[in-house]
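Take a look at the structure below.

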Amino acid sequence: MENQNSKLTLYERIGGRDAVNKAVEVFYEKVLADDRINHFFDDIDMKIQIEKQKSFLTYAFNGPVKYSGKDLKNAHSHLVTRGLDDSHFDAVAGHLESTLIQLGVPPDLIDEVMTIVGSTKSDVLGH
Ligand code: HEM
């Protein structure tokens, strides 16, 4: 049993599709309510925005499996041109962390998620 459990992906251990859908909803509200970062999402339509949040969480929950540094670098390069920096990255990461706390995700799983998110920083910021 122990062994089987350890083979579950982070996505499954967090609670699968229901947990991700709920997290997308809560995270989305926090990001768009935050005047430090919501201007980056001005030109993005709702449908693309929701897909963006799902992609974000897929990265965050499955990390190494789906991770491609090149894609993240390309996806954010036009935002770096518009001034995206460390402070914005930390604000987004903070909203994800508080979302997971709010949803009752266990601290050890939150640590795993935040490690994965942290590993994307240099690509997102184009360093
Ligand atoms: C913290 C780590 C981050 C991860 C893992 C991440 C992940 C992603 C992913 C997977 C996409 C979709 C790429 C695509 O398929 O086109 C995306 C797009 C986007 N991200 Fe991030 N992101 C991060 C940080 C940020 C930050 C800090 C901001 C701004 C404050 C941001 C704003 C955006 C916007 C506006 C788009 C849509 C770009 C477009 O459609 O033109 N992201 N992000």
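In this predicted model, helix α6 has an outward face, turned away from its buried side, and that face carries the exposed residues D86, S87 and I101.

Now turn to the buried residues. In α6 these are V92, H95, L96, T99 and L100. They cover an arc of only 130 degrees around the axis, which puts them on the same side of α6. An α-helix has 3.6 residues a turn, so residues three or four places apart point the same way.

What lies over this side? The cover of the buried residues of α6 includes α3 (16-32), α4 (46-62) and α7 (107-119).

Next, check the length of the helix. Helix α6 runs over residues 86-102, which makes 17 residues. At 1.5 Å a residue, the helix should span 24 Å. Its end C-alpha atoms are 24 Å apart, so the two values agree. After α6 comes G104, and the phi of G104 is positive, near 80 degrees.

Now move to the ligand. Which residues come nearest to the ligand? Of the 21 residues around it, they are I37, F40, S55, A75 and V92. V92 is also one of the buried residues of α6. Three elements, α4, α5 (69-81) and α6, each give two or more residues to the shell around the ligand. Helix α4 gives the most, with 5 residues.

What is the shell made of? Its residues divide into 16 nonpolar, 4 polar and 1 charged.

Notes:
Residues are numbered from 1 along each chain as its sequence is written. This is a predicted model: local features need pLDDT of at least 70, side-chain atom pairs count only at pLDDT 80 or more; totals for chains, interfaces and linings use all residues. Helices (H or I, at least four residues) and strands (E, at least two) are DSSP runs, numbered from the N terminus. The expected span of a helix is 1.5 Å times one less than its number of residues. A residue is buried if 20 or more other C-beta atoms lie within 10 Å of its own, exposed if 12 or fewer, and partly exposed in between; C-beta atoms are placed from the backbone. The arc is that of the directions from the helix axis to the C-beta atoms. Two residues are in contact if their C-beta atoms, placed from the backbone, lie within 7 Å. A residue is near a molecule or strand if its C-beta atom, placed from the backbone, lies within 6 Å of it. Ala, Val, Leu, Ile, Met, Phe, Trp, Tyr, Cys and Pro count as nonpolar, Asp, Glu, Lys and Arg as charged, and the others, Gly among them, as polar.
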